[in-house]
Amino acid sequence: MVIFFVLIASGCVTRNYDSNMDLGKSQLNEENYLEAHEAFELAYKEAKTPEARELMDLSGFLASGMKNYDEQDFGLAKSDFEKATAYKAKYREGKQMVSKAVEMQPVSNSATIETVEGNDEPVEEATEDGSKVEDKAATGTKGKGSKDSVSTLSKSQAEKLVKDYVDMGNFPNLHIEHDHDSEKGDYIFHVFEVDEPSQKSGHKTTWGWYGVNKKTKEVYEVM
């Protein structure tokens, strides 16, 4: 009888673990790293497997990095992406997240440089007679940095801009995917609904096509 109950309990743990792992991986495909992290954390509580621990850790780094980047705390974002980049991933989803961190790291680096250069203030030095003189070098650096520090928008950043533009948070049935780059170099995204989301073969109904200018970050509808 005791063995019977142990087997039942074990089966529940396995089902909970598997369902949370599947949910986490599904959220990874949508680049919803916070939701993925929460699902992997629940799976790890059910069964402390190396895979659950790896995916929980990496999704946590990416979720934190993306949050800090969106809040323009580029120093912390850079630190989060560096932790993910240095992670020795063994599983397929883990390696994909490491690659994502590698993609985001230079973006956060350039944003950090822009912030530092944009906040440069002319340095004042006191002369012998007590008057103050602006540091011309600092002023020159500020002017130069504002022109040379323009960075190209990443695909994930452009996708988020489209999600905000469409207000996808209020439409849970909507999906988004990068379709191609236009002749001008803009990202083109396809936003659509799936009639049967539980089946991969579900029919897609187009909601709209949207372009994003990599330099100006402008989102526009593609007719």
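View 1. Ser154 is buried, its relative accessible area being 7%, where buried stands for under 20% relative accessible area, exposed for over 50% and partly exposed for anything in between, with a 1.4 Å probe and protein chains only. The model shown here is predicted, so that local features need pLDDT of at least 70 and side-chain atom pairs count only at pLDDT 80 or more, while totals for chains, interfaces and linings use all residues. Residues are numbered from 1 along each chain as its sequence is written, and side-chain values use heavy atoms, with hydrogens and water left out. Ser154 lies in the loop between helix 6 (136-148) and helix 7, and its side chain is joined to that of Ser156 by a polar contact of 3.3 Å. A polar contact is a pair of N or O atoms within 3.5 Å; within protein, one must be able to donate a hydrogen and the other to accept it, and residues adjacent in sequence count only if both atoms are side-chain atoms.

**View 2. The whole chain.** The chain holds 7 helices and 6 strands, which are DSSP runs numbered from the N terminus (helices H or I, at least four residues; strands E, at least two). From the N terminus on, the elements follow the order α-α-α-α-α-β-β-α-α-β-β-β-β. Of the 223 residues in the chain, 33% are buried. Among contacts (heavy atoms within 4.5 Å) between residues at least 6 apart in sequence, 47% join residues at least 24 apart.

View 3. An open sheet is formed by 4 strands in the order 3-4-5-6, with antiparallel pairing, two strands being paired if DSSP finds at least two bridges between them. Strand 3 (174-181) and strand 6 (219-221) stand at the edges and have a single partner strand each, so one side of each is left without a neighbour in the sheet. From one strand to the next, the twist averages 35°, an angle taken between N-to-C directions on a scale from 0 to 180 degrees, with axes as lines fitted to C-alpha atoms.

**View 4. Strands 3, 4 and 5 around Glu193.** Strand 3 pairs with strand 4 (residues 187-194) in the antiparallel sense over 7 bridges, and strand 4 pairs with strand 5 (residues 204-212), also antiparallel, over 8 bridges. Glu193 of strand 4 has Leu174 opposite, and Glu193 also stands opposite Thr205 in strand 5.

**View 5. The hairpin of strands 5 and 6.** Strand 5 and strand 6 pair in the antiparallel sense over 3 bridges, and Gly211 has Tyr220 in strand 6 as its bridge partner. The two strands form a hairpin with 6 residues between them, and in the turn Lys217 has a positive phi of about 65°.

**View 6. Two loop residues with positive phi.** Most residues other than glycine have a negative phi. Gln72, in the loop between helix 3 (50-70) and helix 4 (74-85), has a positive phi near 65° although it is a residue other than glycine, and Gln72 is exposed, with a relative accessible area of 59%. Asp167, in the loop between helix 7 (155-166) and strand 3, is not a glycine either and has a positive phi of about 65°; at 36% relative accessibility, Asp167 counts as partly exposed.
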